[in-house]
Structure formats: structure tokens, C-alpha cells
Amino acid sequence: MVNIITEFSKYINIVLIAVYTYYAFRVFGFEDKKKQNRIYRRMSYLLFAFHFICYLVLYLNVKSVKTIFLYAMEAAAMILVLCLYQWIYVNLSKQILHNMLFFITTGYVMLTRLSFDKAVKQFLIASAALGLCLVIPLLMDKIKHLARLGWIYGVFGVLLLSSVFVWGVENYGATNWIRIAGITFQPSEFVKLIFVFCIAALLSKRTDFKYIILVTALAALHVIILVLEKDLGGALIFFITYLVMLFVATSQPIYFFAGLIAGSGASYLAYHLFNHVRVRVMVWRNPWSLIDKEGYQVSQSLFAIGTGGWFGMGLYHGLPTSIPVVASDFIFSAISEEMGGLFAVCLILICISTFVMFINIAMKLNNTFYKLIALGLSIMYIFQVFLSIGGVTKFIPSTGVTLPLISYGGSSILSSIIMFSVIQGLYVLGQDRNENIEKRKRKRKKETE
């Protein structure tokens with residue numbers, strides 16, 4: 001009976017995420033708030049149905065009361081988040097809120113399947129982050145002097161990144177973690193948010209050539225430190241984010257293309273100078289020839305994705321634990337194996353719909369500083385998704401980055417929730433200002449009448 005329910009559940013989950021994905025894009029076609037709210041209510045039902053079905057299957061396979069308790073805690077937390085955020089911020093983006101919760105829920109499900117202890121830890125950190133970030137949308141409008149601290153952000157970011165050379169510990173070949181009092185965290189996850197604020201603050205003031213050289217040198221310093229730490233994924237994310245922000249701020253394509261050429265040259269040098277870069281490229285080109293050692297992780301990832309097929313093996317019917325670091329860097333492989341290729345494709349489409357919403361918010365902001373923040377975080381988010389999924393599918397060399405809000409990792413999920421909350425705050429800010437403008441217009445119209 002358990003096998004039948006598990007088999008049947010994977011088809012239900014594919015239908016649920018397919019309908020959710022449809023609504024995630026369909027909502028863009030409506031301007032009527034009532035129609036949008038109807039769609040968001042349906043998205044909530046789909047989210048909770050998906051969560052319930054997955055945990056039912058998880059419980060039937062492990063027969064542990066702890067699974068039921070964790071499910072109840074997660075469901076209660078999601079209801080609380082939905083209610084509190086919509087009550088406190090009337091004008092919030094329900095699209096961003098629902099997608100964020102869907103990603104987090106998917107992560108909960110897969111982590112509970114892979115490691116119950118990691119799932120509990122992820123739930124506690126995510127819940128605390130969601131509670132703390134409740135105030136971020138409010139702060140975006142109240143703290144007016146954020147745009148004046150550009151160089152301070154930059155210096156602080158460089159110092160925080162450099163701290164790993166003193167207190168850093170090595171994880172999976174990269175020295176980009178710090179352990180203090182038994183707690184390990186990744187500074188680059190938080191510096192990337194500070195970096196966006198830094199570049200947005202600096203480029204919103206001046207864009208003359210001499211000033212651009214100084215800002216570029218500061219951005220390059222961040223990238224160089226990450227390369228020295230062997231954090232190639234982080235270095236690429238910082239680099240691409242800066243190029244796009246610079247292009248938008250200056251409207252000069254020459255800066256963008258010059259950056260791409262410089263980046264290509266730097267990649268060529270890195271390939272010849274650093275052995276770990278050469279190994280990553282060799283694994284990408286032919287993981288099967290190195291399957292006993294360096295290529296084992298990518299090979300197992302491809303086996304898992306291929307085994308899952310379009311409909312998946314079902315929860316607990318695959319072997320995702322055979323993939324090294326599956327809970328963090330390679331969680332997309334586990335999703336593909338047990339939830340199916342169709343589910344994985346829909347998940348990618350939801351990521352794209354989130355990115356589209358982020359870009360829409362950025363384009364509608366009039367303040368240059370806020371616009372560049374929204375744009376920078378948007379590019380940072382979607383490029384990290386690209387690197388994570390591209391690496392596990394051998395589309396590009398693996399760079400060891402997490403899938404935002406889904407992968408295991410306290411630093412990763414905390415920084416991702418902060419990212420979503422900042423963009424949510426910018427959306428609320430824009431909506432509130434639009435409402436004030438409309439009120440003034442109506443007031444003037446009444447006065448003239």
C-alpha cells in the first residue's frame with residue numbers, strides 16, 4: 001500500500017506544481033486586484049496540498065512521529081507567515097511571498113527525505129529569518145541614508161571576505177567558511193547583499209569615467225578575494241552582477257563588453273594558474289573518465305537525473321544519498337530523481353517567474369539607488385539559480401553554489417530570505433508611493449471641481 005501511495009503521489013505533485021506554475025505566470029496578465037487575489041488563494045491551496053502529500057508519503061515510509069510533528073510545525077509557520085506579512089504590509093507582492101514559501105517548502109520536503117536533522121535545523125533557521133525579515137520592508141523606506149554609505153559597504157565587505165584568511169576553515173576544497181563558537185557560516189553569502197548595496201549607492205551618485213575606474217577596482221577586489229578562497233561560484237556571481245549594474249547605471253554597452261572580455265581573459269589565466277579550476281573543467285568535459293575520484297559527484301548527479309526520468313522514482317524510491325553534498329550543492333539532482341524531470345522543469349519556471357517579478361519591480365522604481373538594488377539582487381538571484389542547476393546537469397562546470405531557498409545551509413537560506421525581503425520592501429515602497437500620488441491627484445481634482 002505504501003508503494004502504491006508513493007507512486008500515485010508523484011503524479012499528483014507534478015499536477016500540483018504544473019498548475020502552480022501556470023498561475024505564477026498567468027497572474028501577470030491581470031491588473032484587477034480581485035482576480036489576482038483569487039489566483040493567489042489558489043496558489044496557497046496548491047502549496048499546502050503539495051506540502052501535505054509529501055509529508056504523508058514521508059511518514060508512511062519512515063513511520064516516525066517526529067515527521068508528523070515537523071510537518072505540523074512547518075504548516076503552522078507557513079500560515080503564520082502568510083497572515084502576518086499580508087496583515088502588516090497591505091501592498092506587498094503576494095507573488096514573491098508565495099514563490100518564496102514554495103521554494104522553502106520544497107527544500108523542507110527534500111531535506112526531510114535526505115536528513116531529518118538537517119531538515120529541523122533548516123526549519124529553525126528559516127523560521128527565525130522569516131520572523132526577523134518581517135521588519136525589512138518597513139526599514140527600506142525609513143532608513144534614508146542607506147545611499148550615502150557606498151564606500152563603507154565596500155570596505156566592510158572586503159574586510160568580511162578577507163576574514164576567512166585569518167579564521168577560515170576549508171569545506172569541500174574552498175576556504176570560504178568561518179567557525180566561531182562551534183557555529184559555521186559563509187561570509188560571502190552576506191557580503192553579496194552588501195555588495196549590491198555598495199555598487200547601487202556608488203553608481204547612483206556618479207558615472208564619470210574616473211569614478212567608474214575606482215568602483216570597478218573595488219568590485220574587482222571582491223572577486224579576486226573570492227578566487228583566492230577558491231569560491232569560483234561566488235566570484236562569478238559578483239562579477240556578472242556588477243557588469244549588469246554598471247551597464248544599467250551608465251547605459252554604455254562598451255563597459256559591459258569590455259568586462260566580458262576581461263572576464264574571459266581572467267578565466268583563461270585562472271585555468272592555467274589554478275589546478276582546481278583545471279579539474280572542474282576536466283570533470284565538466286568528461287566526468288566518466290574521472291568517475292572514480294574527481295568526476296564521481298557529477299557522474300552520480302547525472303545518473304540520478306537520468307534514473308528519475310520525467311515522472312521520478314517517488315520519495316524514498318531513489319538513491320540521492322549516493323551523491324556527495326546532495327543536501328546543499330546538488331539538491332536539484334535529488335529533486336529530479338525522486339520528484340521527476342517534469343517537476344524539476346516546473347521548478348525552474350517558477351524561478352523564472354520570480355525573476356520576472358523582480359525585474360518588473362526594478363523597472364517601476366524611480367529612485368536610481370533603489371532601482372539598482374532591485375536589479376542587482378534580481379541578477380544575483382537568477383544567475384545563482386543558473387550556476388546551481390547548470391553545474392549539477394553538466395551544462396556548465398560545477399561551481400559549488402546552492403539553490404536559493406531550497407538547498408541546505410543556514411547562511412544560504414538566511415541571505416536568500418533577506419534578498420527576497422529587500423525586494424519585497426522595494427515593491428511595497430513603490431506601491432505606497434503610487435497610492436500617495438493617486439490620492440494627491442484625486443484631491444486636486446476635487447479642489448478644482
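Predicted model: local features only at pLDDT ≥ 70, side-chain atom pairs only at ≥ 80, totals over all residues.

Colleague: Helix H7 and helix H10 pack at about 20°. Are they roughly parallel or roughly antiparallel?

Modeller: H7 covers residues 150-162 and H10 covers residues 209-228. Their axes lie 9 Å apart, at an angle of about 20°. Angles under 35 degrees count as roughly parallel. So H7 and H10 are roughly parallel.

Colleague: How many residues of the contact of H7 with H10 are nonpolar, polar and charged?

Modeller: H7 brings residues including Trp-151, Val-158 and Leu-161. H10 brings, among them, Tyr-211, Leu-218 and Ile-225. The division is ten nonpolar, four polar and no charged.

Colleague: Next, helix H1 and helix H4. Which way do they run relative to each other, roughly parallel or roughly antiparallel?

Modeller: H1 spans residues 2-26 and H4 spans residues 94-114. Their axes come within 12 Å and cross at roughly 155°. Angles over 145 degrees count as roughly antiparallel. Therefore H1 is, relative to H4, roughly antiparallel.

Colleague: Which residues of H4 make the contact with H1?

Modeller: The crossing is left-handed. On the H1 side, the contact uses Ile-17, Tyr-20 and Ala-24. On the H4 side, the residues are Gln-95, His-98, Asn-99 and Phe-102.

Colleague: What span should helix H9 have at 1.5 Å a residue?

Modeller: H9 runs over residues 187-203, which is 17 residues. Its end C-alpha atoms are 24 Å apart.

Colleague: How many residues of H11 are buried?

Modeller: Helix H11 holds 19 residues, 232-250. Its first and last C-alpha atoms are 27 Å apart, close to the 27 Å expected. H11 is mostly covered. The buried count is 14 of 19.

Colleague: Now the loops. Is Lys-63 buried or exposed?

Modeller: Lys-63 sits in the loop between helix H2 and helix H3. Its phi is positive, about 55°, although it is not a glycine. Most residues other than glycine have a negative phi. The relative accessible area of Lys-63 is 52% and the cut-off is over 50%, so Lys-63 is exposed.

Colleague: And Leu-405, buried or exposed?

Modeller: Leu-405 lies in the loop between helix H17 and helix H18. Its phi is also positive, near 70°. The relative accessibility of Leu-405 is 1%. Under 20% counts as buried, so Leu-405 is buried.

Conventions: Residues numbered from 1 in each chain as written. Heavy atoms only, no water. Axes fitted to C-alpha atoms, helices over the stretch in contact; angles between N-to-C directions. Helix = DSSP H or I, 4+ residues; strand = E, 2+ residues; numbered from the N terminus. Parallel < 35°, antiparallel > 145°, perpendicular 65-115°, else oblique. Contact = heavy atoms within 4.5 Å. Nonpolar A, V, L, I, M, F, W, Y, C, P; charged D, E, K, R; others polar. Expected span 1.5 Å × (residues − 1). Buried < 20%, exposed > 50% of the residue type's maximum accessible area, 1.4 Å probe, protein only. Left-handed = near helix turned anticlockwise from the far one by under 90°.
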